[in-house]
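Please look over the structure shown below before reading on. The report that follows takes up two of its parts in turn.

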Amino acid sequence: MRKVSVKDITAKVKELCIAAACHLEPDAAAAIRVASEKEASPLGREVLAQIIKNFEIADAENVPMCQDTGISVFFVEAGRGVELDGSLEDAINEGVRQGYKDGYLRKSVCDPLKRTNTGDNTPAIIHTRMVEGDKVKIKFAPKGAGSENMSRLKMLKPSEGVPGIKGFVVEAVREAGGNPCPPIIVGVGIGGDFEQSAILAKKALLRPVGGKNLDGDVAGLEEELLKTINGLGIGPMGFGGTVTALAVHIETYPCHIASLPVAVNIQCHADRHKEAVI
Amino acid sequence: MTVSIKITSPLTNADVEKLRAGDKVLITGVLYTARDAAHKRLIELLDKEGIALSAGKLPFDIKGQIIYYVGPTPAKPGQVIGSAGPTTSGRMDAYSPRLLDLGLKGMIGKGARSKDVLEAMKRNKAVYFAAVGGAAALIARAIKKAEVIAYEDLGPEAIRRLEVENFPAIVVNDAVGGDLFVQGVEKYRGTGND
């Protein structure tokens, strides 16, 4: 067994929280730059130029690119050869607490009914999976509410099939309009059960922007949906234009013979994600 | 690139009347910040004080003012304010008509407004601007002064008085029914690239 201290996990999580808020990953930055050349609307191009200038300022000055520094979402792969000297969840939450305080990030987590702020952006949302190996892999994706609130889930009838899936995804994007800060990335989870489809949709957003599903049929559906979505005319910030989405990422999982769950998780252009391996 | 119209806040009816959906503006003057929690308190205050309440009972004189829907990040030492981009305006739709009827002239946020808000805007000659969502570090540069004036316990959701210079925004809904979201989307529908 390889011994890992939870203190090291806390320190790494703190670092990830601050870095994700301030420094856009190269894949997301590149996708926005490409979009700014493709966009047909002059106003849309100006919006994209502002977005580019903004993430350049955030990067250079070490400040958050967006004031909504999100609820803290983690996907953790814990190697079964790792021996921790404490609680993994406590270590991650402590890292969030320190990162959001010392990084001057906004604390955006509250009690759902009383609406009182927890004050330190905890608790985080942590999805943990046990895997082979002796490492801990932590993927961090802070999620703002503007885009998260536009997400949808529906239990379709199997008879609705691919046309039903397409219709549901496109309608979710159309209804969202300018709210989720387009250009967006559309994460789609197809299959599994109710909660699995939602997790798949979120996981799909962790793929590098524009990366294709390895299954050719699914990749074809991603491409077709992207084309249809960009034909909606929503454009950057909803002001009209030809780039509404930068990418559509689909993940699938087998489901019950009587079910066809479909979840759509929308990501804004400030597509923040960072990962570390300990 | 089209030229931006320079406007100063607070706004007059004449200022609002000359603006049209799609105009780019640079705002200089005073903005007040408020999000869901602050709006809820303002409306509760109005409910408590009764229908006959004058706008003067609110924590700031709302006549002619612009409310900016924002919850900034904490300011780092030496900063006037942290990152400060717009939040989704639709969450304020339930509250805005009441404030418009009391003299609110402008709102800055992102995303579409409800029919009730659009009607209250026409009725009271008001304008709805969008700022670029997510452009929070860039927008913060236009904010020269920030001071919490009410509801400090709400943290990022407290009401702040901002002094801004050349704050960049776009007119989405004007006072005569123009709507950039409708007009813009119609123009580009069916022409998307992949």
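What percentage of the 194 residues in chain B is made up of buried residues? Buried residues, meaning those under 20% relative accessible area with a 1.4 Å probe and protein chains only, make up 57% of them. This is a predicted model, in which local features need pLDDT of at least 70, side-chain atom pairs count only at pLDDT 80 or more, and totals for chains, interfaces and linings use all residues. Residues are numbered from 1 along each chain as its sequence is written, chains are lettered from A and ligands numbered from 1 in the order in which they are written, and side-chain values use heavy atoms, with hydrogens and water left out.

Chain B holds six helices and seven strands, where helices (H or I, at least four residues) and strands (E, at least two) are DSSP runs numbered from the N terminus. Further values for chain B are set out here.

| Property of chain B | Value |
|---|---|
| Span of the C-alpha trace along its principal axes | about 50 × 45 × 30 Å |

In chain A, four strands form an open sheet of mixed pairing in the order 4-2-5-10, two strands being paired if DSSP finds at least two bridges between them. Strand 4 (125-131) and strand 10 (274-277) of chain A each have a single partner strand, so one side of each is left without a neighbour in the sheet. Strand 2 (residues 73-79) and strand 5 (residues 136-140) of chain A run antiparallel and are joined by five bridges, and A:E77 stands opposite A:K137 in strand 5 of chain A.

Note on methods: Buried means under 20% relative accessible area, exposed over 50%, partly exposed in between (1.4 Å probe, protein chains only).
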